[in-house]
Amino acid sequence: MAGRDKQDLILLPMIACLLLAGRSLVTADGYADSSVAESIGGLLTLIGTPLKVTAFLGCWSEGEKFVFARVGLSGGRHFLQYVDAKSMGPLDGKDNYRNVLLDEDAESHQTMIVLDLRCNGSERVLANAGQRLYLNYRWLLMDSTVSSDLFTVEHYLDVLKDLPVLVSSEVFVMLKEDVDSIRFLQVYRVSRHTKLLTESYALWTRSTDGGRGQMQDLRTQKVTSVRRKNLHGHHLRASMVITNPDTMNHLTDYKDKHIDTITKVNYILTNYLASYLGA
């Protein structure tokens, strides 16, 4: 890991030292309160695998960042890296993040990227992400603008509509249903030119006794590929090799089984597979 990355990592022992020192920080607008922090921490625990969180939260105050790190990551073993806004050219308020930082991450398959759509340059990060949206990384999108409580999943679908969020993507969106519950959904599409689909992932609810909130697993299956095996009529392409042109007339009637045997067997199996996948 590069030296500058190590400088950006916030470790739990450092947070504990700040707490013992009596440092008190509060959030600027109350969005990154304990509910947001706890729910994201619960999501990381539920997923299990992300060991590093890369946060593109340049518009958050130091107090919000501290609350997120102190509460959200206190229940697990995760590194947290805050990425400050950096210009790729003239400061125009639109292009101030660098996706190149992600390419330097040697543990990309263990990384969750947290992105706040309120921050300048966030949509630019997504637009330039390319294959990072469907390979290796996990993404968590939120929107901390004042009216974010009114946002539905359509707000996020509109942001992602032209992006390669594919069947292999692990893109999460966070919806604040009320002050006591936060829902996490996953978004994907079968292919680049099909509509976006959503699936419920988890629901966080605040504890009534003042303790830590509860995370409810809403997945129908824990394995992503199993949940998304229905390709919703997507056209699959397959090829086969034949030695006798007449084979095309006898792929399923078992005639001349000794001719192009492997091709005929594979044709039947391929059709079974397409039916299983809903293609």
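Figure 1. The model is predicted, so local features need pLDDT of at least 70 and side-chain atom pairs count only at pLDDT 80 or more, whereas totals for chains, interfaces and linings use all residues. Residues are numbered from 1 along each chain as its sequence is written, and side-chain values use heavy atoms, with hydrogens and water left out. Helices (H or I, at least four residues) and strands (E, at least two) are DSSP runs, numbered from the N terminus. H3 is mostly covered, since eleven of its 14 residues are buried. Buried means under 20% relative accessible area, exposed means over 50%, and partly exposed lies in between (1.4 Å probe, protein chains only). Among the buried residues of H3 are Val36, Ala37, Ile40, Leu43, Leu44 and Ile47. Just after H3, Gly48 takes a positive phi of about 90 degrees.

**Figure 2. The largest nonpolar core has 29 residues.** A nonpolar core is a set of buried Ala, Val, Leu, Ile, Met, Phe, Trp, Tyr and Cys residues joined through side-chain atoms within 4.5 Å. The members that touch the most others are Ile40, Leu43, Leu80, Met112, Val114, Leu140 and Met174. Helix H3 (residues 34-47) gives the most to this core, with six residues. Another core, of 25 residues, lies apart from it, and its members include Leu160, Leu163, Leu185 and Val187. In soluble globular proteins, nonpolar side chains tend to be buried together. Which residues does Val114 touch, not counting those up to four places away in sequence? They are Val53, Thr54, Ala55, Phe56, Leu57, Leu140 and Met142, where contact means heavy atoms within 4.5 Å.

**Figure 3. The structure holds two aromatic pairs.** In one of them, Trp60 and Phe68 are edge-to-face, with 5.9 Å from centre to centre and 90 degrees between the planes. Rings of Phe, Tyr and Trp (its six-membered ring) pair if their centres lie within 6.5 Å; planes under 30 degrees apart count as stacked, over 60 as edge-to-face and the rest as tilted. Trp60 counts as buried because its relative accessibility is 4%, and Phe68 is buried because its relative accessible area is 1%. Phe172 and Tyr201 also form an edge-to-face pair, at 4.9 Å centre to centre and 85 degrees between the planes. This pair links distant parts of the chain: Phe172 belongs to strand S6 (residues 171-178) and Tyr201 to strand S8 (residues 197-205), 29 residues apart. Phe172 and Tyr201 are both buried.

**Figure 4. Helix H4 (residues 62-72) is mostly covered.** Nine of its eleven residues are buried, including Lys65, Phe66, Val67 and Phe68. The charged end of Lys65 sits over the ring of Tyr82, 5.3 Å from its centre. A charge sits over a ring if NZ of Lys or CZ of Arg is within 6 Å of the ring centre and within 35 degrees of the ring normal.

**Figure 5. The loop between helix H8 (224-227) and helix H9 (261-276) contains Arg228.** Is Arg228 buried or exposed? At 3% relative accessibility, Arg228 counts as buried. The charged end of Arg228 sits over the ring of Tyr188, 4.2 Å from its centre. Leaving aside neighbours within four places in sequence, Arg228 is in contact with Leu166, Val167, Ser168, Ser169, Gln186, Tyr188 and Glu199.

Figure 6. Most residues other than glycine have a negative phi. Phi of His232, however, is positive, near 55 degrees, and Asp256 has a positive phi of about 55 degrees. His232 is exposed, with a relative accessible area of 51%, whereas Asp256 is partly exposed at 30%.

**Figure 7. The protein chain has a mean pLDDT of 79, and 77% of its residues reach 70 or more.** Over residues 3-29 the pLDDT is below 50, and this stretch has 42 contacts in the model beyond near neighbours in sequence. Over residues 87-97 the pLDDT is also below 50, with 27 such contacts. pLDDT is the predictor's confidence in each residue, from 0 to 100. Where pLDDT is low, the predicted coordinates should not be read in detail.
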